[in-house]
Amino acid sequence: MNNELKFQLRKAKISLFSFRYSPYFGVFMPIVSFVVCLLLIFFFIIPQLQSWFSVQSEIDATTLRIQNIKANALQMEQSNTQTIEKTFGISTQALPATDNFTNILAAIANAAQESQIALEDFNFSLGEVVQKEEVAEGTGEVVDQPIPNAAPVGDYKLVNIQLESKGTGNRIQNFIHAIEKELPLIEVKTVKVADNRTIIDLNVYTRALPLITVNDTEILSPLSEEEKKLLTELETWPGVN
Amino acid sequence: MTQGINLLHSQKISSASLQKKIVILRVIALVILFAVSFFSITLFILIALSPLNALQEQEGAEKKKLTVHYPKMVKILTTRERIGYINKILAERQTYGEELQGLLNTVSGDMQLDSLIIEEKKISYSLTSTSLQTLESYLQEVVASNEEKKQFEKIILSTISFEDQRAAYVVSLEFITI
């Protein structure tokens, strides 16, 4: 060990001793303690506290989700499968997902029979049977290609039908009245009666089924009274199977 | 300048006072250090022993049980979605059945419906009768009925004419629905 190093070590030792026996040494340890406490508070306690609060809120949220899941399960166990099937059937018959030829023809034939008019020519503008899909430029998402003659109007697709019939004014108005109370839902667009011949232009509403996502952590509320009332009314309309 | 005889006495007092302060400071530091340590250990234990994991496992198990009911839930949600749009259609679609029944059911036997056109909220038709009186009473009846039912925004008498060939009066009417 060279002399310089020895000198430095002795110098350090003397400094340490002089600090140890100086009047400031008494306050040194408390200050160190305070600093350690501050470090603990900022780097350990505060993050732990935040973590604890987030854990608590997550516990509350999870407990609520479990309660909701249990409530949904109980509701589903107690619900009547037949009623659910029935209401589903009525609603999808009233607003079908696809252009169902059979149901549309049945509704028209039923209204014609009820009003005692003779239908002559039908002209359905249903477009393509299979809906095309195409990939949107840029996004790469698959988007629906509108079907010609069944173009989407707002939230729906309308299937246009032209009918020709023979019948007097009273029978035609009975037919219009009847067709407006048929399922699937039909709108009378135009009617032209002249020389005992009638051309009726109808639009049938369809709407594709959306992608339904079941959120089992939210309570599935049962159908409201208004919704039930509407379904009961629709049930009385002809066209419900 | 000290007033006492012993010049060192006051220095000892100040030294003892300083010692006392230092002791108090040390006690406070220790108490704070202990409190902080206790608090941080307690928090650590609380977090470690939280029932979150157990709850999350329970949630997973409950979700698994619920999957059996998914078909029913999808049907309920679809029904609700359909009902929403059915309501919208029923509110928005133009209907003519009720209005036409009100108008044409009152057409008496000595009147004849020549033509009828329905389009875009408008019902127009022409009636033929040999009696002007019949047409007049029909018009009055229609107007009175509308005052009661408020089905039409406007009732327009488009034309009144006389056809020599049929020897009959022809009345053309237009009804604008609300």
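**Exercise 1. Describe how helix α3 of chain A packs on helix α3 of chain B.**

Step 1: get the geometry. In this predicted model, the axes of α3(A), residues 81–94, and α3(B), residues 70–92, come within 9 Å and cross at roughly 35°. Axes here are lines fitted to C-alpha atoms over the stretch in contact, with angles from 0 to 180 degrees between N-to-C directions. Helices are DSSP runs (H or I, at least four residues) and strands are runs of E (at least two), numbered from the N terminus.

Step 2: get the hand. The crossing of α3(A) with α3(B) is left-handed, meaning the near helix is turned anticlockwise from the far one by less than a right angle.

Step 3: see who touches. With contact taken as heavy atoms within 4.5 Å, α3(A) uses residues including Ile84(A), Thr87(A) and Phe88(A), while α3(B) brings Ile76(B), Arg82(B) and Ile86(B), among others. By class, the contact has 5 nonpolar, 6 polar and 4 charged residues. Ala, Val, Leu, Ile, Met, Phe, Trp, Tyr, Cys and Pro count as nonpolar, Asp, Glu, Lys and Arg as charged, and the others, Gly among them, as polar.

Housekeeping: residues are numbered from 1 along each chain as written, and chains are lettered from A in the order written. Local features need pLDDT of at least 70, side-chain atom pairs need 80 or more, totals for chains, interfaces and linings use all residues, and side-chain values use heavy atoms, without hydrogens or water.

**Exercise 2. Size up the interface of chain B with chain A.**

Step 1: count residues. 64 residues of chain B are in contact with 82 of chain A.

Step 2: look at the area. The two chains bury about 6,700 Å² between them, 70% of it on carbon and sulfur atoms. Buried area is the accessible area (1.4 Å probe) lost on putting two parts together, summed over both.

Step 3: Arg80(B), Arg82(B) and Arg93(B) supply 10% of the area chain B buries against chain A, more than any other three residues.
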